[in-house]
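Here is a friendly tour of one protein model, starting with its sheet and ending at an annotated site. Have the viewer open and follow along.

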Amino acid sequence: MGLKVVSSAIISFSLLLLLASTAKAQSNGVFDVTKYGGKEDITEALNNAWKDACASTNPSKVLIPSGTYSLRQVTLAGPCKAAIELQVDGILKAPVDPNQLSGGHWVDFSHVDQLTLSGSGTFDGQGSVAWSKSTCSKDKNCEGFPMNIRFDFITNGLVRDITTRDSKNFHVNVLGCKNLTFQHFTVTAPAESINTDGIHIGRSTGIYIIDSKIGTGDDCISVGDGTEELHVTGVTCGPGHGISVGSLGRYPNEKPVSGIFVKNCTISNTANGVRIKSWPDLYGGVASNMHFEDIVMNNVQNPILLDQVYCPWNQCSLKAPSKVKISDVSFKNIRGTSATPVAVKLACSSGIPCEKVELADINLVYSGSEGPAKSQCSNVKPIISGIMSASGC
């Protein structure tokens, strides 16, 4: 009997110590990683702080204060018992060696409802070593390096004021998410960085990218299959490859793309402007209800491009046309300067010609020796209205 009493007392004392430790680590619902022992490397501290915050039945916040920290690979997973916020005010540095990161990511947010990622901080992927080793500029089947941030199956989320820098691969990958907003979000990497798409979205619904600045070495925003209701507003893009839907039709069983709205954006010094692209001679798909409006182009190559013979590195078959059906597309009030004589190119599939494509108030100027600006159209009969500075279609 005495042993049982002593044992119970020890257990109760241990529980009190645990509760006291947790209480010390969090104050008013804020779980500060530095109170969990986080100093130079905060990986374990962040995991523990997230675990405690996620278990809270009240809305909670995990705080990474100002400072510079090393962070190894982490997965911050739900479901959590209440809304949760990660406020990053410091600079987080990824391992330089991509081999230290497995599974394609550095930081992964997974299966969380009511997630907020906020703060003035930076996710620094330290990607320059990885870019020097990458074969992705030459090989379509290259092995991709880890992405800076993944959002997998997030619902009702907000990402604001955060910066992602020099990712080894895509900066952000959005998969299976619903109602996720990026606001005042910054992506920065050199123009020569390889395969560093800013934000890639796939199989997600209700994604909003608002008042954000993206400059990188690949697409500022890329849209994969299964994306519905994507709203891009007030984004500045450049350097990079523009804002792209696709590439589509590369894999079997791709889901339809629908409801893409890109408005009030500025694109500067990029390899493309607004673009829709699909592979020839591979797999079918559907992309419809896509609208690009009030876009300013500054020295942009291929400002308006619908490319259904997309064939990077010439590593694809041109024996048959693209099997992706594209319809209900509009380009309206697109103005500025083109860096290429062909300012508008609509190259649709000869097997499934595009339908319901509209060009309205296109005022693009090319001042080079091959000017003025031209347009080229194949396998499509666009509806043209208002200004059309690029003649040909």
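## The sheet and its surroundings

In this predicted model, 11 strands make up an open sheet with parallel pairing, in the order β5-β8-β11-β14-β17-β20-β23-β25-β27-β29-β31. The edges are held by β5 (74-77) and β31 (374-378); each has a single partner strand, so one side of each is left without a neighbour in the sheet. On average, neighbouring strands of this sheet are turned by 15 degrees against each other, direction ignored.

| Elements | Relation | Value |
|---|---|---|
| β11 (residues 147-152) and β14 (residues 172-175) | parallel pairing | 4 bridges |
| α2 (residues 43-54) and β5 | angle between directions | about 5 degrees |

## The nonpolar core

The largest nonpolar core has 90 residues, and W50, F109, F151, V174, F182, F331 and I334 touch the most other members. Leaving out residues up to four places away in sequence, the contacts of F182 include F151, V172 and V174.

## The annotated site

Which residue does the "active site" annotation cover? In the unreviewed UniProt entry, that annotation covers H241. H241 sits in the loop between β22 (236-237) and β23 (243-248). Its relative accessibility is 27%, so H241 counts as partly exposed. Beyond residues up to four places away in sequence, H241 touches G217, D218, D219, A271, N272 and R275. A polar atom of the H241 side chain lies 3.3 Å from the backbone oxygen of G217.

How values were computed
Residues are numbered from 1 along each chain as its sequence is written. This is a predicted model: local features need pLDDT of at least 70, side-chain atom pairs count only at pLDDT 80 or more; totals for chains, interfaces and linings use all residues. Side-chain values use heavy atoms; hydrogens and water are left out. UniProt positions are given in the numbering used here, feature names are shortened, and annotations may be inferred rather than shown by experiment. Helices (H or I, at least four residues) and strands (E, at least two) are DSSP runs, numbered from the N terminus. Buried means under 20% relative accessible area, exposed over 50%, partly exposed in between (1.4 Å probe, protein chains only). Contact means heavy atoms within 4.5 Å. A polar contact is a pair of N or O atoms within 3.5 Å; within protein, one must be able to donate a hydrogen and the other to accept it, and residues adjacent in sequence count only if both atoms are side-chain atoms. A nonpolar core is a set of buried Ala, Val, Leu, Ile, Met, Phe, Trp, Tyr and Cys residues joined through side-chain atoms within 4.5 Å. Two strands pair if DSSP finds at least two bridges between them. Axes are lines fitted to C-alpha atoms, for helices over the stretch in contact, and angles run from 0 to 180 degrees between N-to-C directions.
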